[in-house]
Amino acid sequence: MAIPTRSGLSSAEAAVRLERDGPNLLPQKPPVPLWQRVAAQLRDPLIIVLLVAAVLTIATGDWTDTAVIMLVIVVNTSVGVAQEVRADRAITALSQLTAPVARVIRDGSQTEVPAADVVVGDLLVLAEGDIIVADATVEESAALLVDESSLTGESVPVDKTGDDPLSSGTVVVRGRGRAVVTAVGAASASGRIASMMVKGAGLTPLQRRLVGVGRLLAGVAVALSALVLALGLVRGQPAELMVVTAISLVVAAVPESLPAVVTLSLALGARRMAARNALVRRLPAVETLGAVTVLATDKTGTLTEGRMVARRLWTPTGEATITGSGYAPDGQIVCDDSLDIETLTDLLTAAVLCNDARLSPPQDPRADWTALGDPTEAALLAAAAKLGLDRKHLQERFPRVTERPFDSERKRMSTVHRLPGGHGRVICKGAPDVLLSLSVLTDDPTLLARAAERAEQLARDGYRVLAVASHDLPAVPETAPESGLSLLGLVAILDPPRPAAATAIIACKQAGIRPLLITGDHPGTARAIATDLGIIDTGDPVVDLRCPGTPDHAKISVYARATPGQKLDIIEHLRAHGETLAMTGDGVNDGPALRRADIGVAMGERGTEVARQAADLVLADDNLDTVVAAVEEGRRVYANIRRFLVYGLSGGAAEIAVMLLGPFAGLALPLLPAQILWINLLTHGLPGVALGGEPATPGSMAIPPRPPSQSILGAGLWQRLIRIAVVLTAVTLGVAVWAHQTGRPWQSMAFFALGATQLGVALGSRTRPGTLANPMLLLAVAGALVLQLAGLYLPPLQELLGTQPLALGDLLIVGALSVLGYAAVRLDRILHPSRPQRSTHPTDKAPHAH
């Protein structure tokens, strides 16, 4: 139909409305000033612990240790700020690439303006492929079909006619039309959803655990150091010396390189993920993924390709299955023995002729084919291409004469074509429930009943089914008569799962992570995809959220027809019941859920701006497998932090124990304050930081996630810490007592024994001992050992530390005994292996084989 011209707004009126209502932009946070980013980093609980440690070292006058601590603070803050800025710039670049424009009628003529300049009352001119930039009401339309999946989750486009509403962020896939803008910016559908994305900057699971550890360390260290101070004063030691000693012990008990270990581990994880096309917007997001117990995901474009594909063909003589993915002609059609090629060719030829879509090959051979028009019609063209049928050739051979476009009332499309010899052909395609019930079909009622039964079965399996019929006439009619039609067959179409999605779901289940599907799509479609991917088994419940009732969230793995608000309710319920939840999505309707989840993961290629801005992690290639890789990185980070805590805290505990027990063994002051700080500097410095680069523990993705309530020192870690500290203490005191009784420089021997034994613990803490998997740790331990020896033999350091050189024999004895630190860690892992708590989710089942 022709669309009459209207004058639209004047430029002056548009300017007034733009000034009154503001630009047509989604609510966005203002740019974060650099000083606020720095301040946010300094508020990290770990950094606060470090700042306290720096004050204590200043109080002792130990400027070297103060400088090291301040260096750690500066590096940690710089890396965190740089990562945030880099991620924000990348997201901004993505936004600029996808910033839409709009065609509007201004001053009586059509003009193109940025989407931000569209105002209420503007007359939008819409055509295939256009993004609808504001809420509007259809004024005029011609076969207008709109993809609303980004807003509703429904994968099937919706027919739009006069007075129908249009929502911002949706896409015209077929036809043309004009619409009057009714709401822009924050008042639009996308804006209202974006306003739901208010979320406080809460602590990540790792940060919450480290806060608890920090409080525990502070209390224990202060109490024990006060006890050392009291014991020294009782024995008559100088008060000034004992105060300095007590402060040194507090500093030694605080693992000041822990923030550096955390930052290094997160930065390495972020770098590895960037190589896998995953953009980390906040460094803590890497570790948070390692703690995930539930992975909630949208369907359209996340688990599926976001493109309709014909999979099944039914004709009165037999059926066929279609292979391949996307709109490329790759793949084949596998027919039943009873299906002849002529019948199949007639069906697909009709499907191509009664069709307005177009397919385009990519310029880059590595890219995918693209489609313009209704995705359902594009799927028909792709299926025909697999049989060797070319759209252009068929249209030249059977030119279209007239048509009756699809509309929501008729639920079918009809076209008339001229055949060679002057004959005519009418082709009709549409919904089976409509087409098969028409009295115009001349087929045997038994055949139509068979077709209706098969169409219903395919629909229950999650397919969108089209029926195709035709009728040849002796002459070309002027209109499209729908009489005398004969059924050619049925075409079953679906949005197929991504190949990587099945692998990702299997990996999640093997890792003890519960997959959860939350979609706005039909329950039948949701069930089909969830069953195919192994999220649920046949017969498991699927909740239709439009039906009344409160589902048992602990037993449900698939939710259908979910609104953005209902997605939020599900996520908040799961988090309130102790789950650590990751949410993936790409649409405007996913934005609030992405923001509210513990970690939001957005698709970068087809994801909307709302989704990208709400997410903590953006997948540039839309590959769900990358989420699984990120989970492994998160577990690696957490394992390395726990590894460092065992190493650092066992050393600190041993230092305090030596100072407490030494006097009872006849050692007045086992170590001087400077010696304590020197050991702490060497062991907690580069070797401790290098532990953050350890590779992932083998089999880390074959165990369940840690319980959300578990302490970072849980699962037997604090017991291991104590056992190793006992060995360190025994070696140090044993060496000191033997040296004291034999007239050797016992304090210097204790000094070297404690430092060297702790370095042995560092080597024993490696993920893969005996390999070069983390060469930085080997170099760091070697360097620390050289500096420990320098503390014994270099005169300036001897004066600073109060040490004496050791005879070669004594040095070899102490060196041999320090191997017990390495042995303690390795033996403890054998005698007391970690036993992760098994998941108790009722939906945990063996993954499907694919």
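1. Angles between helices, taken from 0 to 180 degrees between N-to-C directions of lines fitted to C-alpha atoms over the stretch in contact, count as roughly parallel under 35 degrees, roughly antiparallel over 145, roughly perpendicular from 65 to 115, and oblique otherwise. Helices here are DSSP runs (H or I, at least four residues), numbered from the N terminus.

2. This is a predicted model, in which local features need pLDDT of at least 70 and side-chain atom pairs count only at pLDDT 80 or more, while totals for chains, interfaces and linings use all residues. Residues are numbered from 1 along each chain as its sequence is written, and side-chain values use heavy atoms, with hydrogens and water left out.

3. Helix α21 (residues 625–661) and α22 have axes that come within 11 Å and cross at roughly 165°. The two are therefore roughly antiparallel. The crossing is right-handed, that is, the near helix is turned clockwise from the far one by less than a right angle. Contact (heavy atoms within 4.5 Å) joins Y647, G648, E655 and M659 of α21 to I676, I679, N680, T683 and H684 of α22. By class, these residues are 4 nonpolar, 4 polar and 1 charged. Nonpolar covers Ala, Val, Leu, Ile, Met, Phe, Trp, Tyr, Cys and Pro; charged covers Asp, Glu, Lys and Arg; the others, Gly among them, are polar.

4. The axes come within 10 Å and cross at roughly 20°, so α22 and α25 are roughly parallel. Their crossing is also right-handed.

5. α25 and α26 pack at about 180°, with axes 10 Å apart, and are therefore roughly antiparallel. From α25 the contact takes S748, F751, F752, G755, A756, L759, A762 and L763; from α26 it takes L777, L778, V781, A784, L785, Q788, L789 and L792. The classes are 13 nonpolar, 3 polar and no charged.

6. Helix α26 (residues 775–793) has 19 residues and should span 27 Å at 1.5 Å a residue, which agrees with its end C-alpha atoms being 27 Å apart. The expected span is 1.5 Å times one less than the number of residues.

7. Buried residues (under 20% relative accessible area, 1.4 Å probe, protein chains only) of α26 are L777, A780, V781, A784, Q788, A790, G791 and L792. Their cover includes α22 (673–684), α23 (686–690), α25 (746–764), α27 (795–801) and α28 (808–831).

Terms used:
Buried means under 20% relative accessible area, exposed over 50%, partly exposed in between (1.4 Å probe, protein chains only).
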